Amino acid sequence: MSGMVMVPAGESAARTEAPRGEVFYYLRSDGSDTPQRLKWRVPTYMNWEALQVMMSGCQVADIPLIVNSIDPCISCTER
């Protein structure tokens with residue numbers, strides 16, 4: 001079993017601040033070398049929800065400026 005890392009059973013969550021907002025991590029383990037659940041939430045994903053409010057009543061020409069105002073990271077949301 002050399003090289004294998006056993007993660008203690010349980011769950012853990014962590015948050016950290018990123019340039020676009022809060023990044024959230026969650027890990028659940030049953031004590032084996034493979035996590036039962038691993039999830040992270042990047043700030044851009046949450047910022048997409050705000051666009052519905054921000055674009056209410058706007059003109060089509062305003063959309064690129066409004067979307068760029070949340071500084072989206074498309075690759076982050078595709079994880």
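**Salt bridges and their surroundings**

Mentor: Start with the whole chain. Of its 79 residues, 16% are buried. Buried means under 20% relative accessible area, exposed means over 50%, and partly exposed lies in between (1.4 Å probe, protein chains only). The model is predicted, so local features need pLDDT of at least 70 and side-chain atom pairs count only at pLDDT 80 or more, while totals for chains, interfaces and linings use all residues. Residues are numbered from 1 along each chain as its sequence is written, and side-chain values use heavy atoms, with hydrogens and water left out.

The chain has 3 helices and 3 strands. Their order along the sequence is β-β-β-α-α-α. Both kinds of element are DSSP runs numbered from the N terminus: helices are H or I with at least four residues, strands are E with at least two.

Now to your part. There are 2 salt bridges. The rule asks for a side-chain nitrogen of Lys or Arg within 4 Å of a carboxyl oxygen of Asp or Glu. Side chains of opposite charge can pair when their charged atoms come close.

Take Arg15 and Glu22. They form a salt bridge, with their closest N and O atoms 3.6 Å apart. Is Arg15 buried or exposed? Arg15 is exposed, because its relative accessibility is 61%. Glu22 has 32%, so it counts as partly exposed.

Glu22 has another partner. Its side chain also meets that of Arg41 in a salt bridge, again 3.6 Å from N to O. This pair links distant parts of the chain. Arg41 sits in strand 3 and Glu22 in strand 2 (residues 21-29), 19 residues apart. Arg41 is partly exposed, at 30%. With shared partners, the salt bridges join Arg15, Glu22 and Arg41 into one network.

Stay on strand 3 (residues 37-41), as Trp40 is there too. Trp40 is partly exposed because its relative accessible area is 35%. Together with Tyr25 and Leu38, Trp40 forms a nonpolar surface patch of about 310 Å² of accessible area. Patches take residues with over 30% relative accessible area and no salt bridge; nonpolar side chains (Val, Leu, Ile, Met, Phe, Trp, Tyr) are joined within 5 Å, like charges within 9 Å. Accessible areas come from the Shrake-Rupley method with a 1.4 Å probe; for residues, only the protein chains shown count as cover. The chain exposes about 6,100 Å², and carbon and sulfur atoms supply 55% of that.

Next along is helix 1 (residues 43-54). Its 12 residues should span 16 Å at 1.5 Å a residue, and its end C-alpha atoms, 17 Å apart, agree with that. The expected span is 1.5 Å times one less than the number of residues. Which residues of helix 1 are buried? They are Pro43, Thr44 and Leu51. On the face turned away from them sit the exposed residues Glu49, Gln52 and Val53.

One last stop is Val7, in the segment before strand 1 (10-18). Leaving aside neighbours within four places in sequence, Val7 is in contact (heavy atoms within 4.5 Å) with Ser29, Gly31 and Ser32. Val7 and Asp33 are 26 residues apart in sequence, yet 6.0 Å apart from C-alpha to C-alpha.
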